[in-house]
Amino acid sequence: MTATLGPVLKQARQLRGMSGVEAARASGISAAYLSKLEGDSVKRPSPNVLHQLSEILSVPYSDLMRLCGYL
């Protein structure tokens, strides 16, 4: 089974002991949007959003880009 963005983001956030609201605020997005990302409701979030999340959650940017289908 191939990993998807949502579970990767959620696990990284939980490993850092952050709530959804904390992670969203730190990355400059709404908690509702983060919830949609974690639920795999958003298929192609912008590279900027992925970069912010990679910084906050310490997940390699290239991994997040790959999970979303960006080259």
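Leaving aside residues up to four places away in sequence, Leu37 touches Leu5, Gly6, Leu9, Ile29, Val42, Pro45, Val49 and Leu53, where contact means heavy atoms within 4.5 Å. This is a predicted model, in which local features need pLDDT of at least 70 and side-chain atom pairs count only at pLDDT 80 or more, while totals for chains, interfaces and linings use all residues. Residues are numbered from 1 along each chain as its sequence is written, and side-chain values use heavy atoms, with hydrogens and water left out.

**How helix 4 packs against its partners**

- Helix 2 and helix 4 pack at an angle of about 120°, with their axes 9 Å apart; the axes are lines fitted to C-alpha atoms over the stretch in contact, and angles run from 0 to 180 degrees between N-to-C directions.
- These two helices, helix 2 and helix 4, are therefore oblique to each other, because angles under 35 degrees count as roughly parallel, over 145 as roughly antiparallel, 65 to 115 as roughly perpendicular and the rest as oblique.
- Helix 2 passes helix 4 in a right-handed crossing, a term used if the near helix is turned clockwise from the far one by less than a right angle, with left-handed used if anticlockwise.
- In this contact, Ala23, Ala26 and Ser27 belong to helix 2, while Gln52, Leu53, Ile56 and Leu57 belong to helix 4.
- Helix 1 and helix 4 pack at an angle of about 35°, with axes 10 Å apart, and their crossing is left-handed.
- On the helix 1 side Leu5, Leu9, Ala12 and Arg13 take part, and they meet Leu50, Leu53 and Leu57 in helix 4.

- The structure holds one salt bridge, meaning a side-chain nitrogen of Lys or Arg within 4 Å of a carboxyl oxygen of Asp or Glu.
- In this salt bridge the side chains of Glu38 and Arg13 meet at 2.7 Å, N to O, and the pair links distant parts of the chain, since Glu38 lies in helix 3 and Arg13 in helix 1, 25 residues apart.
- Both Glu38 and Arg13 are buried, where buried means under 20% relative accessible area, exposed over 50% and partly exposed in between, for a 1.4 Å probe and protein chains only.

**Serines and positive phi angles**

- Ser54 lies in helix 4 and counts as buried because its relative accessibility is 7%.
- Beyond residues up to four places away in sequence, Ser54 touches Val59, Pro60, Tyr61 and Leu64.
- Ser46, in the loop between helix 3 and helix 4, is partly exposed, with a relative accessible area of 31%.
- Most residues other than glycine have a negative phi.
- Ser58 is not a glycine either, yet has a positive phi of about 55°; Ser58 lies in the loop between helix 4 and helix 5 and is exposed, with a relative accessible area of 52%.

Methods
Helices (H or I, at least four residues) and strands (E, at least two) are DSSP runs, numbered from the N terminus.
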